[in-house]
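Please look over the chain shown here.

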Amino acid sequence: AEIAWGGREPTDAEARPLADYLAVCDVPPGEAEPGIPAFWLTAITEHEALADSVTEGDAAVLEYLQDVQCRKFNPGERTWAPLAKGPKPDLAELEQLNGFELIFEFAPNPHFEGTVLRKVVWTDEGYPAATQGSQIKWSPGMDITHKTVMKHSKTQNRKVKASEWQGSFFPFF
């Protein structure tokens, strides 16, 4: 993990081709596997479907991303969280659907509270039927999805602060 987030450079042995590396890799239990600096940031920004949605602000947050996992689930194994954002689907229908959960694990960071963001997707015949994501609790002044701008208020006849949406990867959640 140190190499994945740029904590250190890989040794010559770690930088060998994968087959050679796997032949000599013997990591003791409890120690982290070596990785690649900014791996997840690079994977996301180089992915054809995701590249256009990542801004410079997103990249600063994604530098803290340490792992992404996908866990499949069977009907009845996931329930709708009552405080989730978005429209509430037919819960009886959800109970009958398969799906998957994407788990994004971050290192502690100054951008938001917590270290795990989740996206649950219920599927019907291979297509998304409903989704539910984490609500991100941005640290004060760190919300990269909105910026504060000064706008003229016609009703107050003066400039007022307003929050304006700016593109971001993070509304995915």
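F172 is partly exposed, with 31% relative accessible area. The model is a predicted one. K119 sits over the face of the F172 ring, 5.1 Å from the ring centre.

**Aromatic residues**

F172 belongs to one aromatic cluster, together with F104, F106, F112, W138, F169, F170 and F173. In total, the structure contains 15 aromatic pairs. One of them joins F104 and F173: the ring centres are 4.9 Å apart and the planes stand at 90 degrees, so this pair is edge-to-face. The F104–F173 pair connects distant parts of the chain, 69 residues apart. F104 lies in strand 2 (residues 98-106), and F173 lies in the segment after strand 6 (158-165). F104 counts as buried because its relative accessibility is 6%. F173 is buried too, at 1%.

How are the rings of F169 and F172 arranged? Their centres lie 6.0 Å apart and their planes meet at 20 degrees, so the pair is stacked. F169 has 7% relative accessibility and is therefore buried. A pair of aromatic rings is described by the distance of the centres and the angle of the planes. The table sets out both values for the two pairs.

| Pair | Distance between centres | Angle between planes | Class |
|---|---|---|---|
| F104 and F173 | 4.9 Å | 90 degrees | edge-to-face |
| F169 and F172 | 6.0 Å | 20 degrees | stacked |

Strands of a sheet pair through backbone hydrogen bonds, either parallel or antiparallel. Here, 4 strands make an open sheet in the order 1-2-3-4, and the pairing is antiparallel. Strand 1 (65-73) and strand 4 are the edge strands, each pairing on one side only. On average, neighbouring strands of this sheet are turned by 20 degrees against each other, direction ignored.

Inside the sheet, strand 2 and strand 3 (residues 116-124) run antiparallel and are joined by 8 bridges. G99 faces W122 of strand 3. Helix 2 (residues 39-46) lies across strand 1 and strand 2. Its direction makes an angle of about 65 degrees with strand 1.

Strand 5 and strand 6 also pair in the antiparallel sense, over 8 bridges. H152 stands opposite K159 in strand 6.

**E105 in strand 2**

E105 is found in strand 2. Is E105 buried or partly exposed? Its relative accessibility is 28%, so E105 counts as partly exposed. The side chains of E105 and Q69 make a polar contact of 2.9 Å. In sequence E105 and Q69 are 36 residues apart; in space they are 8.3 Å apart, C-alpha to C-alpha. Leaving out residues up to four places away in sequence, E105 touches Y64, L65, Q66, D67, Q69, T115 and V116.

**Two loop residues**

E125 lies in the loop between strand 3 and strand 4. Its phi is near 55 degrees, a positive value in a residue other than glycine. E125 is exposed because its relative accessible area is 74%, and exposed means over 50%.

S139 lies in the loop between strand 4 (127-133) and strand 5 (146-153). Which residues does S139 contact, leaving aside its neighbours within four places in sequence? They are P110, H111, F112 and E113. A polar atom of the S139 side chain lies 3.1 Å from the backbone oxygen of P110. F112, one of the residues in contact with S139, is also a member of the aromatic cluster.

**The whole chain**

The protein chain has 4 helices and 6 strands. From the N terminus on, the elements run α-α-α-β-α-β-β-β-β-β. Of the 173 residues in the chain, 28% are buried. Among contacts with a separation of 6 or more, 54% come from residues 24 or more positions apart.

Technical notes:
Residues are numbered from 1 along each chain as its sequence is written. This is a predicted model: local features need pLDDT of at least 70, side-chain atom pairs count only at pLDDT 80 or more; totals for chains, interfaces and linings use all residues. Side-chain values use heavy atoms; hydrogens and water are left out. A polar contact is a pair of N or O atoms within 3.5 Å; within protein, one must be able to donate a hydrogen and the other to accept it, and residues adjacent in sequence count only if both atoms are side-chain atoms. Contact means heavy atoms within 4.5 Å. Rings of Phe, Tyr and Trp (its six-membered ring) pair if their centres lie within 6.5 Å; planes under 30 degrees apart count as stacked, over 60 as edge-to-face and the rest as tilted. Buried means under 20% relative accessible area, exposed over 50%, partly exposed in between (1.4 Å probe, protein chains only). A charge sits over a ring if NZ of Lys or CZ of Arg is within 6 Å of the ring centre and within 35 degrees of the ring normal. Two strands pair if DSSP finds at least two bridges between them. Axes are lines fitted to C-alpha atoms, for helices over the stretch in contact, and angles run from 0 to 180 degrees between N-to-C directions.
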